[in-house]
Amino acid sequence: MRFRSFFKSPAIIALPTEAPVLPATRWREDGGRHVLRFGAPIAPIEAEDTNDAIRRTTRAYNAALEQLILARPEQWYWVHRRWKQVAQPLRKRKLRAASA
């Protein structure tokens, strides 16, 4: 499994407050109607290590979000630069090679 950048703020807020994270999605139907649906609440996952708790809670949220996306992938538009950690080193190497 390859790990990627994913926003962890829901976990950072949920852990100290013990508030569940509520996944949500919306989609557009024919005729311009929009539908909003909420998934099941995700309870924060406690762990001895704070970083591990954040990672586990984020994974649970990410899994729920994945299911929402898979239900209607044609409606999804990702605006976060999720692959930035992979693309950045490649870009630097190409620039160095071009300037040599």
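The largest nonpolar core of this predicted model is made up of 7 residues, namely Phe6, Ala14, Val21, Ile42, Tyr61, Leu65 and Ile69. Helix α2, which spans residues 50-71, supplies the largest share of this core, with 3 residues. In soluble globular proteins, nonpolar side chains tend to be buried together.

**Core and its surroundings**

- Ala14, one of the residues of the largest nonpolar core, touches Ala19, Val21 and Pro44 when residues up to four places away in sequence are not counted.
- Among these partners of Ala14 is Val21, which also belongs to the largest nonpolar core.

**Helix α2 and Thr58**

- Thr58 is located in helix α2, and this residue counts as buried because its relative accessibility is 12%, whereas the cut-off for a buried residue is under 20%.

- Strand β1, at residues 24-28, and strand β2, at residues 34-38, pair in the antiparallel sense over 5 bridges, and Arg28 has His34 as its bridge partner in β2.
- The hairpin formed by β1 and β2 has 5 residues between the strands, and within this hairpin Gly31 adopts a positive phi near 90°.
- Strand β1 presents a covered face with Thr25 and Trp27, while its uncovered face carries Ala24, Arg26 and Arg28.

**Aromatic residues**

- Trp27, which is on the covered face of β1, has Arg72 lying over the face of its ring, at 3.5 Å from the ring centre.

**The chain as a whole**

- The protein chain has 100 residues, of which 20% count as buried.
- Its accessible surface comes to about 7,900 Å², and 55% of this surface belongs to carbon and sulfur atoms.
- Among the contacts in the protein chain with a separation of 6 or more, 48% are accounted for by residues 24 or more positions apart.

Conventions: Residues are numbered from 1 along each chain as its sequence is written. This is a predicted model: local features need pLDDT of at least 70, side-chain atom pairs count only at pLDDT 80 or more; totals for chains, interfaces and linings use all residues. Side-chain values use heavy atoms; hydrogens and water are left out. A nonpolar core is a set of buried Ala, Val, Leu, Ile, Met, Phe, Trp, Tyr and Cys residues joined through side-chain atoms within 4.5 Å. Buried means under 20% relative accessible area, exposed over 50%, partly exposed in between (1.4 Å probe, protein chains only). Helices (H or I, at least four residues) and strands (E, at least two) are DSSP runs, numbered from the N terminus. Contact means heavy atoms within 4.5 Å. Two strands pair if DSSP finds at least two bridges between them. A charge sits over a ring if NZ of Lys or CZ of Arg is within 6 Å of the ring centre and within 35 degrees of the ring normal. Accessible areas come from the Shrake-Rupley method with a 1.4 Å probe; for residues, only the protein chains shown count as cover.
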